[in-house]
Amino acid sequence: MERPRVGIFSLTACAGEQIVILNCEDELLDLVSAVDIRDFLTATSVNDAECDLDVSFVEGTVLNRRDEETVREIRSRSSLLIAVGTCAVWGGVPAMETDVPREEMIRRVYGDGAGWYDIGLPRKVSDVVNVDGVISGCPIEKEQFLTAVADLLNGNLPLLTDTPVCMECKMKENVCLLERGEICCGPLTVGGCSARCPSLGVACVGCHGPVREANYASQLEMLKEKGFSEAAVIRKLRSFAAV
């Protein structure tokens, strides 16, 4: 049977998701044996930039005209498009500050050279094109990526966790960091990371994005009761899921 044709792409991003894929190590040979990777610029300089693709994985935020044109072209080539990483799924860190007009922010950063840069309002991939599935995380977990590929090879869209980090934390019997006076986003953040940060005594900052059907009102009231201001809570949550 012909192997599915796959493309792995980056918009405005740090390439963290692509590095995770390349760091699959022991599984990498099985991965390239199961799928035909046709377009993956970070991994090879020999790419087919025009062929049709069965599945495309796209990381990064749509930040300028080039990004928009790129993701539209990828969508036109692809039967399925999977957004990978919090930037692609939620807008990520590039979208965390949207209160200041973009032109003003560019001027503050680049000064007299601001006119050289084509930088618009950051958008998640689904704001521009139809997305068939998502794998959130900053960066994603390699186990989630490999599971998603296995699902796709079986003819299914990726079925990823929709339980909060807090659940994974409780299963590890960690002491709740809220009880130590820290703002922890674990109850509102989608899991899949095995509560890595809280297990090391570091409060969750929400890098996997918000869990669906999260009870934000209840969580906010609980945090207020512990002495945290609403502004502080919102500032913490919007770091990765601003849009």
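This report walks through some local features of a predicted model.

Let's start with helix 3, which covers residues 65-77. Its 13 residues should span 18 Å at 1.5 Å a residue, and the end C-alpha atoms sit 19 Å apart, which agrees.

Which residues of this helix are buried? Asp67, Val71, Ile74, Arg75 and Arg77 are. Looking down the axis of helix 3, you'd find these buried residues within an arc of 165 degrees, so they line one face of the helix. An α-helix has 3.6 residues a turn, so residues three or four places apart point the same way. The cover over the buried residues of helix 3 includes strand 1 (5-10), strand 2 (36-39), strand 3 (53-59) and strand 4 (78-84).

## Salt bridges

The structure holds 17 salt bridges. One of them pairs Asp36 with Arg38, with 2.6 Å between the closest N and O atoms. Asp36 is buried, at 17% relative accessible area, while Arg38 is partly exposed at 26%. Another pairs Glu141 with Arg196, where the closest N and O atoms are 2.9 Å apart. Glu141 belongs to the loop between strand 5 (133-135) and helix 6 (142-153), and Arg196 to helix 8 (residues 196-199), so this pair ties together parts that are 55 residues apart in sequence. Glu141 is buried, with a relative accessible area of 9%, whereas Arg196 is partly exposed at 42%.

Then there's Arg212, whose side chain meets that of Asp162 in a salt bridge at 3.0 Å, N to O. This pair also links distant parts of the chain, 50 residues apart: Arg212 is in the loop between helix 8 and helix 9 (216-225), and Asp162 is in the loop between helix 6 and helix 7 (165-171). As for accessibility, Arg212 counts as exposed at 62%, and Asp162 as partly exposed at 30%. Back with Asp36 and Arg38, salt bridges that share partners join these two and Asp48 into one network.

## A nonpolar patch on the surface

Which residues form a nonpolar patch on the surface? They are Val109, Tyr110, Trp116 and Tyr117, and together they have about 520 Å² of accessible area. Tyr110 is part of helix 5, which runs over residues 102-110. On its own, Tyr110 is partly exposed, with a relative accessible area of 35%.

Now for the backbone. Most residues other than glycine have a negative phi, and most peptide bonds are trans. Against that background, the bond that joins Cys138 and Pro139 is a cis peptide bond, with omega at about 0 degrees. Pro139 has its place in the loop between strand 5 and helix 6.

Which residue in the loop between helix 7 and helix 8 has a relative accessible area of 71%? That's Glu173, which is exposed and is found in that loop. The phi of Glu173 is positive, near 60 degrees, in a residue other than glycine. Ser194 is likewise not a glycine, and has a positive phi of about 60 degrees. Ser194 is found in the loop between helix 7 and helix 8, and is partly exposed at 39% relative accessible area.

How values were computed:
Residues numbered from 1 in each chain as written. Predicted model: local features only at pLDDT ≥ 70, side-chain atom pairs only at ≥ 80, totals over all residues. Heavy atoms only, no water. Patch = residues over 30% accessible without salt bridge, like charges linked within 9 Å, V, L, I, M, F, W, Y side chains within 5 Å. Areas by Shrake-Rupley, 256 points an atom, 1.4 Å probe, with all protein chains shown as cover. Salt bridge = Lys/Arg side-chain N within 4 Å of Asp/Glu carboxyl O. Helix = DSSP H or I, 4+ residues; strand = E, 2+ residues; numbered from the N terminus. Buried < 20%, exposed > 50% of the residue type's maximum accessible area, 1.4 Å probe, protein only. Expected span 1.5 Å × (residues − 1). Arc of directions from axis to C-beta. Contact = heavy atoms within 4.5 Å.
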